[in-house]
Amino acid sequence: MASSISATAASEPEHSTKEREEENATSTRAAEDEDTGAQVAPIVKLEEVAVTTGEEDEEAILDLKAKLYRFDKEGNQWKERGVGTVKLLKHKESAKVRLVFRQSKTLKICANHLVLPTINVQEHQGNDKSCLWHAADFADGELKDELFCIRFPSVENCKTFKETVEEVAESRGKKVESKDATDAAGLIEKLSVEDSKKEEKEKEEVPVAAKEVSKTTDDKVKAEVEKKDGPASSA
């Protein structure tokens, strides 16, 4: 019986102490949560800074996660450029489309070039999730002929990338052909107008020349007549 009482006595303070600790913790939290209404002015005032990406005047027609590689000609090996996002950006005014690849964490540009009609995207042999292509790239601040390889998480994304690039290239090719045809038509029309003006000018010049020849002929005839009549009158 004594042992039972002692055990209970020993446990009761622990229980009471625990309850007091919980009450104190609750009171502390309540005091922390209480809004005193005091306003603390920041030590340093930071101003909002507008961050530009250079993509404000462009519309993304493709946006996919991927890993990009660049072929190192000197080392004769593939080198990873980074894991990130590849985008096809269409300019709102010129309608030109460029390919941009940015790293996910640093947002560093690893590929930046126009999608031209001559671009040729090929599937990587032995890996249906990867594609290869050549481009005159400007990611490092100067134009360089680069060989890229891009790898996607799925075959579907790789196929979408390839098909979209090909569609853009074909569309740009048609626009170039249309522009060339328009320019050629304009040049032909200009030449036709110039030829027409030239012919009209020649027609205007012919009567004047004929008139001058006729006048010259009349003067000669008159001079000969006067020459003949001269001696007769003197006789």
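## Cysteines

Let's start with Cys-149: its sulfur sits 8.0 Å from the closest cysteine sulfur, in Cys-131, which is too far for a bond. A disulfide here is a pair of cysteine sulfur atoms within 2.5 Å, and the structure holds 0 of them.

Cys-149 has a relative accessible area of 6%, so it counts as buried. Cys-158, with 3%, is buried as well. (Buried means under 20% relative accessible area, exposed means over 50%, and partly exposed is in between, using a 1.4 Å probe and protein chains only.)

## About the model

Before going on, keep in mind that this is a predicted model: local features need pLDDT of at least 70, side-chain atom pairs count only at pLDDT 80 or more, and totals for chains, interfaces and linings use all residues. Residues are numbered from 1 along each chain as its sequence is written, and side-chain values use heavy atoms, with hydrogens and water left out.

## The overall layout

Zooming out, the protein has 2 helices and 7 strands. Both kinds of element are DSSP runs numbered from the N terminus: helices are H or I with at least four residues, and strands are E with at least two. Walk along the sequence and you get the pattern α-β-β-β-β-β-β-β-α.

Of the protein's 235 residues, 23% count as buried. Now take the contacts (heavy atoms within 4.5 Å) between residues at least 6 apart in sequence: 50% of these join residues at least 24 apart.

In what order do the 7 strands of the open sheet stand? The order is 4-3-2-1-7-6-5, with antiparallel pairing. Strand 4 (109-114) and strand 5 (122-124) are at the edges with a single partner strand each, so one side of each has no neighbour in the sheet. On average, neighbouring strands of this sheet are turned by 35° against each other, direction ignored. For such angles, axes are lines fitted to C-alpha atoms (for helices, over the stretch in contact), and angles run from 0 to 180 degrees between N-to-C directions.

Two strands pair if DSSP finds at least two bridges between them. Strand 3 and strand 4 pair in the antiparallel sense over 5 bridges. Look for Arg-102, which stands opposite Ile-109 in strand 4.

## Salt bridges

Side chains of opposite charge can pair when their charged atoms come close. The rule used here asks for a side-chain nitrogen of Lys or Arg within 4 Å of a carboxyl oxygen of Asp or Glu, and the count comes to 10 salt bridges. Arg-102 turns up again: it bridges to Glu-55, with the closest N and O atoms 3.1 Å apart. Arg-102 belongs to strand 3 (residues 97-103) and Glu-55 to the loop between helix 1 (2-33) and strand 1 (58-72), so this pair ties together parts that are 47 residues apart in sequence. Arg-102 is buried at 18% relative accessible area, and Glu-55 is buried at 14%.

Asp-72 and Lys-79 make another bridge, at 3.2 Å between the closest N and O atoms. Asp-72 is buried at 13%, whereas Lys-79, at 37%, is partly exposed. Over in helix 2, Lys-174 and Glu-170 lie 4 residues apart, about one turn of the helix, and their side chains meet in a salt bridge at 3.8 Å, N to O. Lys-174 is exposed, at 54% relative accessibility. There's also a network of salt bridges linking Arg-70, Arg-81, Asp-140, Lys-144 and Glu-146.

## Aromatic rings

How many aromatic pairs does a search of the whole structure find? It finds 4. One of them joins Trp-133 and Phe-161, whose ring centres are 5.5 Å apart with planes at 50°, so the pair is tilted. Trp-133 lies in strand 6 (residues 127-137) and Phe-161 in helix 2 (residues 155-234), so the pair ties together parts 28 residues apart in sequence. (Rings of Phe, Tyr and Trp, taking Trp's six-membered ring, pair if their centres lie within 6.5 Å; planes under 30 degrees apart count as stacked, over 60 as edge-to-face and the rest as tilted.)

Trp-133 and Phe-161 are both buried. Phe-161 also forms a tilted pair with Phe-152, at 5.3 Å centre to centre and 45° between the planes. Phe-161 has a relative accessible area of 0%, and Phe-152 is buried too, at 2%.
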